[in-house]
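This briefing covers a protein model, its chain contacts and a few individual residues.

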Amino acid sequence: MVNMQQEVRTLTINVGPQHPSTHGPMDVIVTIEGETIINADIRLGYIHRGIEKLCETRYYFQIPAYLSRLCYVSGMFWEYGFVRAVEEIMGVKVPERAQWLRVISCELTRIASHLIWLAAYAADLGLLTGLSWGLRDRDRIIDALEMLTGQRMMFTYMVFGGVRYDMPAGFQDTVEKSLKYVESHLPDWEKLTIENPIFRARTENLVPVSASYAIELGWTGPMLRACGVKRDLRRDEPYDVYETLDFEIPTGKRGDTLDRVYVRIEEIKQSIKIVRQAIKRIPSGPYQHRALLYPPPGIGYGYVEDSRGECGYFVVSDGTPRPYRVKIRSPAYVHVMSLPKLIKGIKLADLYAVLGSFDPCLGEIDR
Amino acid sequence: MSQNFLDHIKSLLPYAEVHLIYKNKAYAKVPKEYWIDSAKKLKSAGFTLLSFVSGIDRLNSIEVIYACRKPEGNGLVIVGTIIDRNNPRIPSLITVWEGALWHERETFDLLGIYFEGNPDMRRILLPDEWVGHPLRKDYKW
């Protein structure tokens, strides 16, 4: 037996703020010993724009335009959550056609958001084919959204009491074409990711999280569902017309990185199913209420199932045309919070696989 | 349904003033001494998912709030308590929910509320050398 006194050398390196796998300006400071991460810390705030403070200084109807900048790949949800919180204080009943249009636009956004995540995540793992595929597929969805809202990213589509524009003529056909296009490539996506032995080797059994620990940490959305919890605000606390829609909630088994990929690909399929139903069943009628200025004094909490989890707005109104306080509850912020603890003990090369699977969107994390 | 929910929360937190914000969303105002106790009671009653911790500057006082949900089924409770604005201190919820860590850091950063017992009370969104807490109403910018 050889007894060797080894000098333990640790090294501290910054992964970020400019690093492709952080999906935005975030700094993960890791201390490594050899190749193993022994300590980690996260530095945020590189794109903190003070949106919560900004909201206090703007009129209600101006605010949704700022909020779609919170997450530039799923802006629709972020407008929607705020609009729902304010409508709750106002006590407004939204016209039925507007509810369906909201469902269609949100589910299209969810598909686009998951696709760009797949693209970025594939690139994190060195699959540059995935990067171009994701952008190609997402572009078709964005075309459909552009037809509906006039914008490709910062939609500002939600207004208090409805949506800004009605469906244009020929929208159904465009959506169907886009969905068909995305759907035709989903088998390829599965072959490229969850059925690919190299991809599996890099993600399977990496940082598994139990269901109870995920709840303790406050995880929501696909991250929680990957741990095997059947939790979806669209089903559990339904809003708008989600109650009447037929869709499944995909869940993972082990809560590892591979399950997070699996759940998101399945969610794309479910969103396609929802949009198809909604396009068929949308009733005619008005698509917005007129003359809604600002809410009476009160508090409201608006939530929607974002592509990352529970997007929530806590709004305090004092009866003036500007909100007194707006608290933004960001799901990705909660997920990234647990990262330093979870990555202790894994190899540095696996950090990128884990970090990407959390789907961090720095716009909403930094706010 | 909503009335049942309200009664359920009232029986859980007998010391709180509870009212409904909307269906199955309740707001409970508790005295400061019962801050941790309310969190423990709600967690053991099934509200195990912490949504957020935050605060509101009420000009002559500060209101600290947290919101928790049921991971299965329906229901959200927002609990608030009033603390002194000049010396805003409150026990940390980290003993109840591990996930409170960064929510409290953020509240400290933006509103200057000090959570006693939180092991990581550094600024998070603003630079470390920043002066003041921007979400206070008297913050000059």
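Contact here means heavy atoms within 4.5 Å. The model is predicted. By that contact criterion, 45 residues of chain B meet 40 residues of chain A. The area buried between chain B and chain A is about 3800 Å², and nine salt bridges are counted between these chains.

**Interface between chain B and chain A**

- Carbon and sulfur atoms give 56% of the area of about 3800 Å² buried between chain B and chain A.
- B:Glu98, B:Trp102 and B:Leu125 supply 19% of what chain B buries against chain A, more than any other three residues.
- One of the nine salt bridges between chain B and chain A pairs A:Glu88 with B:Lys25, with the closest N and O atoms 2.4 Å apart.
- Between chain B and chain A, 24 residue pairs are in polar contact, counting pairs with both residues at pLDDT 80 or more.
- On the side of chain B that touches chain A, at least two residues each come from β1 (17–22), β2 (25–29), β3 (49–57), β4 (62–69), β5 (76–83) and α3 (101–111) of chain B.
- β3(B) gives the most to that side, with nine residues.
- By class, the side of chain B that touches chain A has 25 nonpolar, nine polar and 11 charged residues.

**Fold and dimensions of chain B**

- Chain B has three helices and seven strands, in the sequence order α-β-β-α-β-β-β-β-α-β.
- The C-alpha trace of chain B spans about 50 × 30 × 25 Å along its principal axes.
- Of the 141 residues in chain B, 58% are buried.
- Among contacts in chain B between residues at least 6 apart in sequence, 49% join residues at least 24 apart.

**A:His114 in chain A**

- A:His114 is found in helix α4 (residues 96–124) of chain A.
- A:His114 has a relative accessible area of 0% and is therefore buried, the cut-off being under 20%.
- The side chains of A:His114 and A:Glu267 are joined by a polar contact of 2.8 Å.
- Leaving aside residues up to four places away in sequence, A:His114 touches A:Pro222, A:Arg264, A:Glu267, A:Ile268 and A:Ser307.

**Helix α14 of chain A and the residue after it**

- Helix α14 (residues 348–357) of chain A is mostly covered, with seven of its 10 residues buried.
- The buried residues of α14(A) are A:Leu348, A:Leu351, A:Ala353, A:Val354, A:Leu355, A:Gly356 and A:Ser357.
- α14(A) is followed by A:Asp359, which has a positive phi.
- A:Asp359 lies in the loop between α14 and α15 (362–366) of chain A.

**Positive phi in residues other than glycine**

- Most residues other than glycine have a negative phi.
- A:Asp359 is not a glycine, yet its phi is positive, near 55 degrees; at 2% relative accessibility A:Asp359 counts as buried.
- A:Val207 is likewise not a glycine and has a positive phi of about 45 degrees.
- The loop between α7 (197–203) and α8 (211–217) of chain A holds A:Val207.
- A:Val207 counts as buried because its relative accessibility is 8%.

Key:
Residues numbered from 1 in each chain as written. Chains lettered and ligands numbered in written order. Predicted model: local features only at pLDDT ≥ 70, side-chain atom pairs only at ≥ 80, totals over all residues. Heavy atoms only, no water. Buried area = accessible area lost by both parts, 1.4 Å probe. Salt bridge = Lys/Arg side-chain N within 4 Å of Asp/Glu carboxyl O. Polar contact = N/O pair within 3.5 Å; in protein donor to acceptor, adjacent residues only side chain to side chain. Helix = DSSP H or I, 4+ residues; strand = E, 2+ residues; numbered from the N terminus. Nonpolar A, V, L, I, M, F, W, Y, C, P; charged D, E, K, R; others polar. Buried < 20%, exposed > 50% of the residue type's maximum accessible area, 1.4 Å probe, protein only.
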